[in-house]
Amino acid sequence: MHKKESPRTILVTGGAGFIGSAVVRHLAAETDWRIVNVDCLTYAGNLNSLVSVSNHPQYVFEKVDIADGHNVQRLFETYDPDFVLHLAAESHVDRSIDSAAPFIQTNITGTFVLLEAATRHWRQLDPARRQRFRFHHVSTDEVFGTLGPTGLFSETTPYRPNSPYSASKAASDHLVRAWFHTHELPVVITNCSNNYGPYQFPEKLIPLVIINGLHGKSLPVYGRGENVRDWLFVDDHVAALQVVLIQGEPGQTYNVGGNSERRNIDVVTTICGVLDELRPRKTGERHEQLIEYVRDRPGHDLRYAIDATKIRDALGWSPAESFESGIEKTVRWYLDNRSWWQPILDGSYQGQRLGLASSASS
């Protein structure tokens, strides 16, 4: 992915979301590709995350729902892509507990619609472009279910999704794999651990804790905070996605992890320590004193952990950020970019806990 490459076109679905916008910004800075951002701008899609590339000569935005077959077909006919990087998804577990329908529509039906259009497009390409074309499907480690105190998810771990969200992503993974085996569409799949970093919608744990801490509000932690996740800095994930897109073997799956397993309570206390250093409370109290344990999420998986040996050995990728360095960069970004997140709090999201209806009825 260097400037000397001949220009190519990539469709990035979900390019106004957290990870997608990081991909778009990076591609605009590092390649001469034409970047077509396909996003229907749900609550988590934010074009303010793309102000820096909005006037870029190679950047195009298309407000399209990936489940809209007519418009998806138009995109392929209009832009003639060399790559599809499929990130568009409903992605918050708590929201899937309250209402699964959007997850079924976007994550399953939307992926099916994209696969159908991509296959038609790929079949009419000339042989050299057919060989180069990739459909890269971006998924999650949550499809594997939950781990006990030990062990890691590998690419051969059986699927055991436990939430409507993870079940919908598992279904989309299976569809993508089926299109490779049935239609020989050159696909690659990545399953990543929990992402964090700049421009993340504040319903997610890390930005929610940062912003609540800045406002002196309670810092909600599910259960006793014992749930364990592997944390991946978003820029490291973007680098992995590029490597897999270009070098990955069709039909293969690659797990992408940050080598940063942490209990949720440890994540929160780490953020509190950085806030204590960078933005001390006027009361003189430590941010850790704001922690509040709340009713656990229904069906909350205990532990996820990624074995990223395959992508390291086969493709040479490993994360550049430690958890501590990534968290400090993230906290500094939220301190410096209130103009990005404040309008979200003023509008569609006020920092409330999601999934309450299901929790209360459980």
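In β5, His137 is the bridge partner of His86. Strand β4 (residues 83-86) pairs with β5 in the parallel sense over 4 bridges. Two strands count as paired if DSSP finds at least two bridges between them. Strands (E, at least two residues) and helices (H or I, at least four) are DSSP runs, numbered from the N terminus. This is a predicted model: local features need pLDDT of at least 70, side-chain atom pairs count only at pLDDT 80 or more, and totals for chains, interfaces and linings use all residues. Residues are numbered from 1 along each chain as its sequence is written, and side-chain values use heavy atoms, with hydrogens and water left out.

**The sheet**

β5 also runs parallel to strand β6 (residues 187-192), joined to it by 6 bridges. Phe135 stands opposite Val187 in β6. From β5 the chain crosses through helix α6 (residues 164-183) to β6, a right-handed β-α-β crossover. Right-handed here means that, with the strands pointing away from the viewer, the path from the first strand over the helix to the second runs clockwise.

The open sheet has 7 strands, in the order β3-β2-β1-β4-β5-β6-β10, with parallel pairing. β3 (59-62) and β10 (253-256) are the edge strands, each pairing on one side only. Neighbouring strands are turned by 20 degrees against each other on average, direction ignored. Axes are lines fitted to C-alpha atoms, for helices over the stretch in contact; angles run from 0 to 180 degrees between N-to-C directions.

Strand β1 pairs with β2 (residues 34-38) in the parallel sense over 5 bridges. Leu11 stands opposite Val36 in β2.

| Helix | Strands touched | Angle with β5 |
|---|---|---|
| α4 (residues 101-123) | β1, β4 and β5 | about 165 degrees |
| α6 | β5, β6 and β10 | about 155 degrees |

In β5 (residues 134-140), 7 of 7 residues are buried. Buried means under 20% relative accessible area, exposed over 50%, and partly exposed in between (1.4 Å probe, protein chains only). Arg134, His136, Val138 and Thr140 point one way; Phe135, His137 and Ser139 point the other. In a regular strand, side chains alternate between the two faces of the sheet.

Thr13 lies in β1 (residues 9-13). Thr13 counts as buried because its relative accessibility is 2%. Its side chain reaches the backbone nitrogen of Leu87 at 2.9 Å. The backbone nitrogen of Ala88 lies 3.0 Å from a polar atom of the Thr13 side chain. Leaving aside neighbours within four places in sequence, the contacts of Thr13 include Val38, Ile66 and Leu114.

**Helix α7 and the cores**

α7 (residues 205-214) is mostly covered, with 8 of its 10 residues buried. Among the elements covering these buried residues are β8 (219-222), β9 (228-233), α9 (264-278) and α11 (323-336). Gly216, with a positive phi near 70 degrees, follows α7.

The largest nonpolar core has 30 residues, of which Ile206, Ile271, Ile327 and Val331 touch the most other members. α7, β8, β9, α9, α11 and α12 each supply at least two of its residues. The largest share, 7 residues, comes from α9. A nonpolar core is a set of buried Ala, Val, Leu, Ile, Met, Phe, Trp, Tyr and Cys residues joined through side-chain atoms within 4.5 Å. Val331 touches Ile210, Ile271, Val274, Leu275 and Leu278, not counting residues up to four places away in sequence. Another core, of 25 residues, lies apart from the largest one and includes Val64, Leu75, Ala117 and Phe133.

Methods: Polar contact = N/O pair within 3.5 Å; in protein donor to acceptor, adjacent residues only side chain to side chain. Contact = heavy atoms within 4.5 Å.
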